[in-house]
Amino acid sequence: DISISLLSLVVTACGLALFGVSLFVSWKLCWIPWRERGLPFGSKDNKQESLNYTDTETNDHDYSEDYLGQPTAYPESSMKISHTSPDIPLDTQAEAKENCVHNVRMHRQITEPTSSARHNSIRRQLNLSNPDFNIQQVQKQEQLTGIGRIKPELYKQRSVDTDDGRRSNSKACGKLNFILKYDCDLEQLIVKIHKAINLPAKDFSGTSDPYVKIYLLPDRKTKHQTKVHRKTLNPVFDEVFLFTVPYNDLNERKLHFSVYDFDRFSRHDLIGQVVVDNFLDLADFPRECNIWKDIEYVTNDNVDLGDLMFSLCYLPTAGRLTITIIKARNLKAMDITGASDPYVKVSLMCEGRRLKKRKTSTKRNTLNPVYNEAIVFDVPPENIDQINLSIAVMDYDRVGHNEVIGVCQVGNDAESLGRDHWNEMLSYPRKPIAHWHPLAEV
């Protein structure tokens, strides 16, 4: 009897404990959420109002004037984006919603004509195929979403050794003094390199080992070179060189000086260059002319790579850009035979991305190929300012990879001749504009 009574007592205690736990859990799950929302428990109307409140809070994209005109009934905690981001004032949020409503209405009222199917591909690659694309809208969105964002560029210190500083210092390459004279009896151009002053230091010792290469362009086979002068920034050369050329051909020739710093264990550093043309316009020519020229800063010596002639033509109404590869001359020999197998590859570029590419046929065993081949790209008029053309002359190799002989570029982002050629094409639409372009290293 005692064991039965003890067993009944234990069962009763367990049942009371389970009943208390169930009451506590139900109180936590049901009573506390309704009390925090300020609603009496069990009211059906209040349940409906709470559901409507959550729907209004989540559907932010359904904007209307009635919605914007209602007073803000959100709790203060819902106005915070996160615990780490700053609070956005209510005025800023109201302006953002008004801007969104205004932009949506304006986009629904604008009707644009259907674009040409031929230009859809380039528009798609330029991310301009969306008719609702608006630069002002993007700028407004960036301003609104940029609140509280850390901008690292504001905390960057201006370095002394910036690109501009290096470029400005490197442009001071000194001066070159030389003497020109033409011998009419022997039909020779006499060039005497006298000296150079204020050359930049290329070695760790604060000096250079300068020497000069001389070409009479466009002939690159005949090349002269001075002796190397050790550890000096003001070398005195006093060397004379002869170029055999008819007097009537001087208008088509250019005298090219390349000043180098000799390096025994690596590639020689290019200090700068001097170019002299229009010999007949020089004072006292063909008699002796003493000339001082500033040494122009360049990054690479393109004299050995050759030139490429091509024409540009743009038809705004059709949105058609045509580049005609005409010919090349004096290309660099890439094969053991002393020749090359050149072809030209043209790439349509936008902000560093290649959209399309075309290439010409390959000319065998020549350094002066003639192509006369036209390459056409479809470019809409509204995108012509964003486009550049990258032209590369390649040497075809049956075994192995094709090698790059030289490159050039035309467009708004190009330099000197490439930009001028592009602007001339835009100034004279529907007219082919042809120019020679010197090839540069990659």
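How many bridges join β10 to β13, and do these strands run parallel or antiparallel? The points below take up this pairing and its surroundings in what is a predicted model.

1. **Strand pairing around β10.** Seven bridges join β10 to β13, and the two strands run antiparallel. Within this pairing, Lys327 has Val370 of β13 as its bridge partner. Strand β10 is also joined to β9, again in antiparallel fashion, through nine bridges. On that side, Cys313 stands opposite Thr322 of β10. The hairpin of β9 and β10 leaves four residues between the strands, and Gly319 takes a positive phi near 65° there.

2. **The largest nonpolar core.** This core has 31 residues, and those with the most contacts inside it are Ile323, Leu389 and Ile391. The elements that give two or more residues to it are β9 (307-315), β10 (320-329), β11, β13 (370-378), β14 (388-395), β15 (403-411) and α8 (417-427). A second, separate core of 29 residues includes Leu176, Tyr182, Val245 and Val276. As general background, nonpolar side chains tend to be buried together in soluble globular proteins.

3. **Ile323 and its contacts.** Setting aside residues up to four places away in sequence, Ile323 touches Phe310, Ser311, Leu312, Val346, Glu373, Ala374, Ile375, Phe377, Leu389 and Ile391. Two of these, Leu389 and Ile391, are named with Ile323 as having the most contacts inside the largest core.

4. **Ser347 in β11.** Ser347 is found in strand β11, which covers residues 342-350. Its relative accessible area is 6%, so Ser347 falls under the 20% limit and counts as buried. Beyond four places in sequence, Ser347 touches Arg354, Lys356, Lys357, Asn388, Leu389 and Ser390.

5. **Ile122 in α5.** Helix α5 (residues 120-125) holds Ile122. With a relative accessibility of 1%, Ile122 counts as buried. Not counting residues up to four places away in sequence, Ile122 touches Leu348, Leu355, Asp378, Val379, Pro380 and Ile387. The C-alpha atoms of Ile122 and Phe377 are separated by 9.7 Å, although the two residues are 255 apart along the chain.

6. **The annotated segment.** The UniProt annotation "transmembrane region", from an unreviewed entry, covers residues 6-27. In the model this span is 100% helix and 0% strand, and its end C-alpha atoms lie 32 Å apart.

7. **The chain as a whole.** The secondary structure comes to eight helices and 16 strands. The protein chain has 442 residues, of which 32% count as buried. Among contacts with a separation of 6 or more, 64% are between residues 24 or more positions apart. The accessible surface comes to about 28,700 Å², and 51% of that belongs to carbon and sulfur atoms.

8. **Confidence.** The protein chain averages a pLDDT of 76, and 68% of the residues score at least 70. Over residues 99-113 the pLDDT is below 50, and this stretch has nine contacts in the model beyond near neighbours in sequence. Residues 128-135 also stay under 50, with eleven contacts beyond four places in sequence. Where pLDDT is low, the predicted coordinates should not be read in detail.

Key: Residues numbered from 1 in each chain as written. Predicted model: local features only at pLDDT ≥ 70, side-chain atom pairs only at ≥ 80, totals over all residues. Heavy atoms only, no water. Buried < 20%, exposed > 50% of the residue type's maximum accessible area, 1.4 Å probe, protein only. Contact = heavy atoms within 4.5 Å. Areas by Shrake-Rupley, 256 points an atom, 1.4 Å probe, with all protein chains shown as cover. UniProt positions renumbered as here; feature names shortened; annotations may be inferred. Core = buried A, V, L, I, M, F, W, Y, C linked by side-chain atoms within 4.5 Å. Pairing = 2+ DSSP bridges. pLDDT = per-residue confidence, 0-100.
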